[in-house]
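Hi everyone, thanks for making time this morning. I'd like to walk you through one model and what sits inside it.

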Amino acid sequence: YNGFDMKVTKERIFVYLRKSLPYLVIFAFTCLPLYAFFASKGMVEGDDSVWHRLELTDLAYGFENGFTGLSTGHNFLSFLSVNVYGFYGPFPHYFIVILYEMFKWAGASLVGTLKFSLFLFCYLSNVFVYLLAIRITGSRNVGLLSALFYNFLPYKMFCILVRAAYPEADALCFIPMVFYGVYRIVHDKEYRVAPYVVI
């Protein structure tokens, strides 16, 4: 490298670091309220914990025995009720079980996959709050503060850490994505596909 190339490379690295820093900060404060959740070996024993563990177990049993589509329970009364899948929308549980089936060869567990997916959704929701706040205000600092406040949303944390109501927490995580997509559709000067994909 000559001196010019090194300067260009250093500037490029600095630009990449500057662009990625807010996402690293968001990642760090996404970890803060969920530390107790991840530090425990099992799941939080909230009032919804039994339902979700049984639904995940039943769904994994179904996947492993050829029932991969939307269906009723696969074990006798799904261990709990006639059709445990009638209580919640299918996305959170199917997402967890599909990830589990993809990575169980590497030692993944249903509980570990649930924790990972919940962290992923919380992180993505914070990122979309950040992006939405930047679009509205034009300030990265306001974006970071908004993401920080949304990260500690009391009802979301209550659903995760006390009630163990993971589908409700996931639903709260998708709200910023919807608002971001709608805001872009309404305010973008040119037609773009990305906001529709986000929605």
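I'll take the core, then the cavity, then one arginine.

Please keep in mind that this is a predicted model.

Let's start with the packing. As a general point, nonpolar side chains in soluble globular proteins tend to be buried together. Here, the largest nonpolar core has 35 residues. Ile26, Phe37, Val97, Leu114, Ile160 and Tyr166 have the most contacts inside it. Helices α1 through α7 each give two or more residues to this core, and α4 gives the most, with ten.

Tyr166 deserves a moment of its own. Beyond its neighbours within four places in sequence, Tyr166 is in contact with Phe37, Met43, Val44, His52, Leu114, Leu118 and Ile160.

At least two lining residues come from each of α2, α3 and α7.

Last stop: Arg184, which is in helix α7. Is Arg184 buried or exposed? Its relative accessible area is 9%, under the 20% cut-off, so Arg184 counts as buried. The side chain of Arg184 makes a polar contact of 2.8 Å with the side chain of Asp188. Setting aside neighbours within four places in sequence, Arg184 is in contact with Arg135, Arg192, Ala194 and Pro195.

Definitions and conventions. Residues numbered from 1 in each chain as written. Predicted model: local features only at pLDDT ≥ 70, side-chain atom pairs only at ≥ 80, totals over all residues. Heavy atoms only, no water. Helix = DSSP H or I, 4+ residues; strand = E, 2+ residues; numbered from the N terminus. Core = buried A, V, L, I, M, F, W, Y, C linked by side-chain atoms within 4.5 Å. Buried < 20%, exposed > 50% of the residue type's maximum accessible area, 1.4 Å probe, protein only. Contact = heavy atoms within 4.5 Å. Polar contact = N/O pair within 3.5 Å; in protein donor to acceptor, adjacent residues only side chain to side chain.
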